[in-house]
Amino acid sequence: MSSITADAASAPTEEKNGPGQPDKNTVLALLQLLRKYNLKATEESLKNEAKLSELPSTQSTSDSDVTNVLSAYKSEGDPQKYEEAYIDLKQFIEGALDVYKHELHTVMYPIFVHMYLELVYNSHEEEAVKFLEKFRKDQEPYYEDDIRKISQVTKREHMKGNELIDTFTSNEFIIRMSRDALSILKRHLQEKKHNVLSNVVQEHLYFDMYEGVARNKQQIDATAGAMIGEATRQDNKSKVYYGMPKEPDIQLSVLVEEEEDGDGGEGDKPKKKKAKKDTLFSRKTKSDPNAPPIDRMPLPELKDAEKLEKAKALREATKRVTLGPETLPSICCYTLLNTSQTVSCVEICEDSSILGVGFIDSMIKLWSLVPQKLRVMKTAEQLADVDMEAEDIMHRIFDDRNAEASRQLFGHSGPVYRLSFSPDRTLLLSCSEDTTIRLWSLMTWTCLVIYKGHTFPVWDVKFSAHGYYFATASHDRTARLWATDQHQPLRVFAGHFSDVDCIQFHPNSNYIASGSSDRTVRLWDNFTGSQVRLMTGHKGPIYSLNFSVEGRFLASAGSDTNVLLWDLAHGHLLAVFTGHTATIHSLAFSRDGNILASGSNDCSIKLWDFTKLTEEVLEEVMNVTHNPEIKKSSENYLLRTYSTKSSPVLGLHFTRRNVLLSVSMFDGN
């Protein structure tokens, strides 16, 4: 890795036009700094020169003022020098050899932004606007949204407290560049001696240098687009336990016992079924070398009801249809009518028996998708008469007379943005604009806990596949890990530069992935609290994430209408699936992991051949250098597109038997 150095000092410093009066706030902030470090002689000297008789009280200047002064953009006096330097850089890059041209071009955008901000900071407002309008068309289209936001900052006062400006001024823009291309750029800076250019490069850019051939435009574009540049190679060096731990043997024995009971003790049937289960789960008897230690994340003991539920899931898995190009899934689409612009989220529980819908008026509504209605637990007086030792206790504690096909939950004071069911379907999590997360009992249909910790709207909430733990994502730019029995978060994951829009638990519960409006996907270790992967390549906010069944791969999608597939082993982008024409809000892997489904606001569902992609990846020698090949030929992987009639797709869910359930909202407009 290399930080570029340029001989800026060799050029004579330009004198400012006229003596001018120093900015009073700047002088006061500097005096405050001198007083802080007890530099009395220097403080007196500066006061005399600035003709200030006394330093105002500490309330009039603050540490932030001092910081602003120290991090302020340098002024080169003549605003025309910025345009001259930028044009000179542009001509140099256009005249470079084709092999280096595309990598050299990556410096144009951050230099363009910082030169504009420097002009604004130094009160050259008119020149700043002209500079921006003249050169904005030279930037890549995926930066247009950021440029539009920056263009609204035309005075120094506008810079204070602006999220995007703060991100640019307090972080270096990361550029991955080959040694040869970087040497050419250094040479140009030393020869031309443009102070304005050298200052920006020295202070605001970070070069992640690598040995080897420079990348072509396609390779650069695939991983470019994030708010502060590409991920460095160091960001993805950590060991990730992406494998799945061995399933407890208790599940298999419980399953066989239950089936023996169900078959009425017939002689040979249980043996046949047991053999079938062994065949189904033979691959899980081997320990995965990439799986985390079984005790790495402490998980609660399985209750008897949960063991029976797992046994039921295994039994259903034996009847699962194996999907592929020749066997596409059946799709059942639930369409919400008369709800245009009122539904904010949908969720289907793991066993596909309950549909939950969140509304912008803060209501949550749940429907039973099976003949059995939503039951409520008996009152305390009635429970006193129930035999707690009975084998069918879970049936006896419910009152079937009050069962209903749908139920409503009220409590939030703002739009409900996401729902998540616990694996055993006894609990429901919801998050809202009101900054809280609520835990609901689906046995008593009441709110059990209100979790407070985020200071802004909470966009997403997800239960772990093992229950107990859950994760949240918020407008406050953090993701958090919680446990249902703790009122404070266990971990706060900070690092994103904008809203964390979506969150997803890894199937082994050791990691969570977060997608953000800063156009990055990050993987966090729940055990250590540290970031272990940073993946760049999206060109817009990310709204959906999903891990593959075996845990090695991650799919992400959002407003740029593309589905990106990542290899967590190295943090590399493997493929970009294109074809949707509007924001993608839902991704789902089939239960066998063969097919990836994506649902979009363009009123369509697309099915992708994920097995074909992974086979190709595993057959190839994995290139762990700076420029792995990225597959972009979507026609090779797209199996089928299904369209709805004026109904954007809000949610997708594969049942245990691999039927694809879709939830959409009819929009007559």
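Trainee: What are the helix and strand percentages over residues 577-609, and how far apart are the end C-alpha atoms?

Mentor: This is a predicted model. In it, residues 577-609 are 0% helix and 58% strand. The end C-alpha atoms lie 11 Å apart.

Trainee: What covers residues 409-442 in the UniProt annotation, and what is the chain like there?

Mentor: The unreviewed UniProt entry gives "repeat: WD" for 409-442. Over 409-442 the model has 0% helix and 56% strand, with 10 Å between the end C-alpha atoms.

Trainee: Which residues of helix α5 are called buried, and why?

Mentor: Helix α5 spans residues 98-105, and Y100, E103 and L104 are buried there. Buried means under 20% relative accessible area, so each of the three falls below that cut-off.

Trainee: Why say that the buried residues of α5 line one face of the helix?

Mentor: Look down the axis of α5: the buried residues fall within an arc of 100°, so they line one face.

Trainee: What covers the buried residues of α5?

Mentor: The cover includes the helices α4 (80-94), α6 (108-121), α11 (179-192) and α13 (217-223). Strands β1 (173-178) and β2 (205-210) are also included. Contact here means heavy atoms within 4.5 Å.

Trainee: How many helices and strands does the protein have, and what percentage of residues is buried?

Mentor: There are 19 helices and 31 strands. Of the 669 residues, 52% count as buried.

Terms used:
Residues are numbered from 1 along each chain as its sequence is written. This is a predicted model: local features need pLDDT of at least 70, side-chain atom pairs count only at pLDDT 80 or more; totals for chains, interfaces and linings use all residues. Side-chain values use heavy atoms; hydrogens and water are left out. Buried means under 20% relative accessible area, exposed over 50%, partly exposed in between (1.4 Å probe, protein chains only). Helices (H or I, at least four residues) and strands (E, at least two) are DSSP runs, numbered from the N terminus. The arc is that of the directions from the helix axis to the C-beta atoms. UniProt positions are given in the numbering used here, feature names are shortened, and annotations may be inferred rather than shown by experiment.
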